[in-house]
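Here are some notes to read alongside the structure, for someone opening it for the first time. Take them one by one, with the 3D view at hand.

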Amino acid sequence: MPLVTVIVVNYNGGQMVCHCLEALQKQSFGDFSTIVVDNNSCDDSVLSIRQMFPAVTVITLQENLGFAGGVNRALKEAGLAALVALLNPDAFPSPDWLEELVFSAQRYPHYAAFGSRMYGDSEKLWLDGVGDAYHVSGLPWRQGHGKANTAFYDREAEIFAPCAAAALYRTDVLQQVGGLDEDLFLYVEDIDLGFRLRLAGHRSLYIPSANVLHVGSAFVGKHSDLQIYHGHRNLVWVFVQNMPGLLFWTFLPAHIALNLVTLVWFTLRGKGPVIWRSKRDALLGLPLAWKKRERIQARRTASIRDILAQLSWNPFSRSA
């Protein structure tokens, strides 16, 4: 059994997923295996992967289960190592990416998840992100996104959650919290996972030396209807399911205000139908979300103070 299993979830990845796998072949750390979960692609990416990368295990699904469902299928069906790395097909790691993450996991045994330094350009002039933040209102965002790559981001720092486009997790911890929430399908599922890890008493760390070029929304498109729908439906469920006890009722007015603002914002920009549909479906899914909340909160070991310390108050914070 290798030390690390790398999971790549593919959906019509074309040549991009092959470039991702080529980057994995060049890793300086070699004690890992790779699993590609294909979400019923209709292009020739599966054929290309099998021809070009015969050592890669390919799991083909009969329907599109989204990123969350694809990862969970790999966790269930494949023999996994002590560490699991998640990598998007539009993310291209530097040769020492996995080595840096594994070294950090060994160096910091009290952390359960590790995030990468993701660049938005091949010259490494600006950042795609250095970890996910979560505002008290339930607004998530990627820290450092669109910012210049400066020495400010050179230090290791605790983060609310790693972006699952390029992250490393301890396998036993993933299994302990139940993997990813498949009802979220895609978008915000890594925030949800990071929140549940925190509620269970686990922590996440940003590793600036683990570098990845991340195209970001390469397949669904930035600000697409798919992105808006799932992202803004899911942020409601993530808040309801995870925000503990007193904090839920304290910040619920801010969460409601956030949703009202987004309804107005996207409606004025011609996205009214999709944003209203996302909020309608979020409300329809609240009974199930509340049942999940009861289970999640019953297993919470972290204190309210610990959770509050990791929430962001300034949505424009540049902190890494």
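This is a predicted model: local features need pLDDT of at least 70, side-chain atom pairs count only at pLDDT 80 or more; totals for chains, interfaces and linings use all residues.

1. Start with helix H9, which covers residues 272-284 and has 13 residues. From its first C-alpha to its last, the helix reaches 18 Å, close to the 18 Å expected at 1.5 Å a residue.

2. Which residues of H9 are buried? They are Gly-272, Val-274, Ile-275, Ser-278, Lys-279, Asp-281 and Ala-282. Among the elements that cover them are helix H7 (225-242), helix H8 (245-268) and helix H10 (286-298).

3. Now the aromatic rings. Searching the whole structure turns up nine aromatic pairs. One of them is Tyr-134 with Phe-195: the ring centres are 5.3 Å apart and the planes are at 65 degrees, over the 60 degrees that the label needs, so this pair is edge-to-face. Tyr-134 belongs to strand S8 (residues 132-134) and Phe-195 to helix H6 (residues 189-199), so to speak a link between distant parts of the chain, 61 residues apart.

4. Another edge-to-face pair is formed by Phe-248 and Trp-290, with 5.6 Å from centre to centre and 70 degrees between the planes. Since Phe-248 is in helix H8 and Trp-290 in helix H10, the pair ties together parts 42 residues apart in sequence. Phe-248 is buried, at a relative accessible area of 4%, whereas Trp-290 is partly exposed, at 33%.

5. Look next at two arginines. Arg-269 lies over the face of Trp-265, 3.4 Å from the ring centre. Arg-277 has its charged end over the ring of Tyr-229, at 4.5 Å from the centre.

6. Last, find Ser-312, in the segment after helix H11 (304-310). Its relative accessibility is 17%, and because the cut-off for buried is under 20%, Ser-312 counts as buried. What does Ser-312 touch, leaving aside residues up to four places away in sequence? Its contacts are Ala-133, Tyr-134, His-135, Val-136 and Trp-141. Tyr-134 is the ring that pairs with Phe-195 in point 4.

Note on methods. Residues are numbered from 1 along each chain as its sequence is written. Side-chain values use heavy atoms; hydrogens and water are left out. Helices (H or I, at least four residues) and strands (E, at least two) are DSSP runs, numbered from the N terminus. The expected span of a helix is 1.5 Å times one less than its number of residues. Buried means under 20% relative accessible area, exposed over 50%, partly exposed in between (1.4 Å probe, protein chains only). Contact means heavy atoms within 4.5 Å. Rings of Phe, Tyr and Trp (its six-membered ring) pair if their centres lie within 6.5 Å; planes under 30 degrees apart count as stacked, over 60 as edge-to-face and the rest as tilted. A charge sits over a ring if NZ of Lys or CZ of Arg is within 6 Å of the ring centre and within 35 degrees of the ring normal.
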